[in-house]
Amino acid sequence: MVKMAIWIRGNHAAMQQCSNGFTLIELLIIFAVTGLLSAIGIVAFSTYNQQQIVTQAAAELKNNLRLAQGKAFSQEVPAACISAGRSLVGYEVSFSAERQYSISPRCADVVEASIKSVTLQSTLTLTKVPSGTILFKVITGAVDGSGTITVSGYNTSKAITVTSGGSIY
């Protein structure tokens, strides 16, 4: 009986010496789980990043619409209108292509040179208002060409609405 206990203790000590590391199967499982979690994280980050690109482009458009509206409210008359003797009607945001828009002052019936032009990146598109332009009028704050503009890309869309009363949301 004593010999059996010594033999078991001896084998137990030998087993402890051999089990100080990880087996190949354990390491493979750890790497597989780590790889799977990393892949899921990268896909989630990529999707989030694409949504943020669309959100940022929509926010920039909204800010530029408010810029045109603010210039109309403040009745900021450009030098070209003054030198030509024309009165300021308002500031116009015109959508010239699927990815481009510009802000220009309108003096009398003449649209002056743009004060700001924006081209969206190639993966984004704009669905413009039916008239193709939005005019923020001076003094009254009224809007000609009101409607909804949609910024789309990466299977995501953000809508910006301009009402005839001048609200932008």
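Author: Strands (E, at least two residues) and helices (H or I, at least four) are DSSP runs, numbered from the N terminus. Two strands pair if DSSP finds at least two bridges between them. This is a predicted model, in which local features need pLDDT of at least 70 and side-chain atom pairs count only at pLDDT 80 or more, while totals for chains, interfaces and linings use all residues. Residues are numbered from 1 along each chain as its sequence is written, and side-chain values use heavy atoms, with hydrogens and water left out.

Reader: In what order do the three strands form the sheet?

Author: The order is S5-S8-S9, in an open sheet with antiparallel pairing. Strand S5 (125-127) and strand S9 (156-162) are the edge strands, each pairing on one side only.

Reader: How many bridges join S8 to S9?

Author: Seven bridges join S9 to strand S8, which covers residues 147-153. Ser-152 stands opposite Ser-157 of S9.

Reader: Which helix lies across these strands?

Author: Helix H2 (residues 24-73) lies across S5, S8 and S9, at about 15° to S9. Axes are lines fitted to C-alpha atoms, for helices over the stretch in contact (heavy atoms within 4.5 Å), and angles run from 0 to 180 degrees between N-to-C directions.

Reader: Changing topic, why does Thr-163 count as partly exposed?

Author: Thr-163 counts as partly exposed because its relative accessibility is 24%; buried means under 20% relative accessible area, exposed over 50%, and partly exposed in between (1.4 Å probe, protein chains only).

Reader: And what is Thr-163 in contact with?

Author: Leaving aside neighbours within four places in sequence, Thr-163 is in contact with Val-143, Ser-146 and Tyr-169.
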